[in-house]
Amino acid sequence: MRYALLQLTLDVEHAARTKLMRIVTEREDEDGYSLSLDYFESLNHKEKNRRKGEVAALAKDAYCGELVAKYGSDPATIPVWVLLELFSFGGFRDLYLFCAERWGDRAMVGEHYMLRQAQSVRNACAHSSDVLNGFARMDATVETDSEVQRALSEAGFSHRVRTSRMRSARVQQIATLLYLHARMVPDGAGKRRAARDMHELRAKIDEVTGIAGIDNSARASLLFLADLIDKWF
């Protein structure tokens, strides 16, 4: 599950970065340098220092060090297409929201909040966290993105099922990632590879849910995700 989901998060992050770069390039009223400056000026003192530290830390990095050497470590003076290479997922998400609000793009604002969910899944997978044991833990305070709820409804899930399954923070985050991948990642080899990976995961879910003694709530959550794979992949 971790390997399959981690690849989805990489696909989604790449698709979002590519989308932002495409929009910046196509907008006649936008400039890659002024956009970076305006973004940096919108940050408070703490966030400015965080972004500066994030970029400066890459000065000796084997992959990004040459970019820092060429453009410097001050994010305010680095063109946005370079910032997209230097920023972490968290820094990129923040820039994505800034651009979405700058352009009045409500769809991008919604994508930003879904990207937060995707990042949580990525961190859990990359750090080899135990994903399954929390499936049975419910939290009545967890709210699902309205667009994801609508997509679940259109996929045929009843209100009872949606409400019950999405009360698990982990299930909610994974479901949001699956929807975001289906929404943002373009058709192509990557999409086909993701479909193969997810259907292999679905087969594993069938094996796991057949084990005697598995918690009923965990089984229901896994079967819910299996249904999502069938519908969205």
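What share of the 233 residues in the chain do buried residues make up?

## Overall fold

In this predicted model, buried residues account for 46% of the 233 residues in the chain. The secondary structure consists of 12 helices and zero strands, so that, read along the sequence, the pattern is α-α-α-α-α-α-α-α-α-α-α-α. The radius of gyration is 19 Å, which is close to the 17 Å that the globule rule gives for 233 residues, and the chain is therefore as compact as a globular protein of that length.

Taken along the principal axes, the box filled by the C-alpha atoms is roughly 60 × 35 × 35 Å. Among the contacts in the chain with a separation of 6 or more, 75% are accounted for by residues 24 or more positions apart.

## Surface and charge

The accessible surface of the chain comes to about 12100 Å², and carbon and sulfur atoms hold 49% of that surface. There are 33 positive and 33 negative side chains, and the centres of these two sets lie 5 Å apart.

In soluble globular proteins, nonpolar side chains tend to be buried together. Here the largest nonpolar core has 69 residues, of which L5, L20, F92, L178, M198, L228 and W232 touch the most other members. Helix α1, which covers residues 2–26, provides the largest share of this core, namely nine residues.

Q117 lies in helix α7, which spans residues 106–126. With a relative accessibility of 17%, Q117 falls under the 20% cut-off and therefore counts as buried. Apart from residues up to four places away in sequence, Q117 touches Q172, Q173 and T176.

V185, by contrast, is placed in the loop between α10 (169–184) and α11 (189–209), and V185 counts as buried because its relative accessibility is 10%. Not counting residues up to four places away in sequence, V185 touches D11, V12, A15, L180 and K191. Although V185 and H14 are 171 residues apart along the chain, their C-alpha atoms are separated by 8.5 Å.

Technical notes
Residues numbered from 1 in each chain as written. Predicted model: local features only at pLDDT ≥ 70, side-chain atom pairs only at ≥ 80, totals over all residues. Heavy atoms only, no water. Core = buried A, V, L, I, M, F, W, Y, C linked by side-chain atoms within 4.5 Å. Buried < 20%, exposed > 50% of the residue type's maximum accessible area, 1.4 Å probe, protein only. Helix = DSSP H or I, 4+ residues; strand = E, 2+ residues; numbered from the N terminus. Rg over C-alpha atoms; globule rule 2.2 N^0.38 Å. Contact = heavy atoms within 4.5 Å. Areas by Shrake-Rupley, 256 points an atom, 1.4 Å probe, with all protein chains shown as cover. Lys, Arg positive; Asp, Glu negative; His and termini not counted. Charge placed at Lys NZ, Arg CZ, Asp CG, Glu CD.
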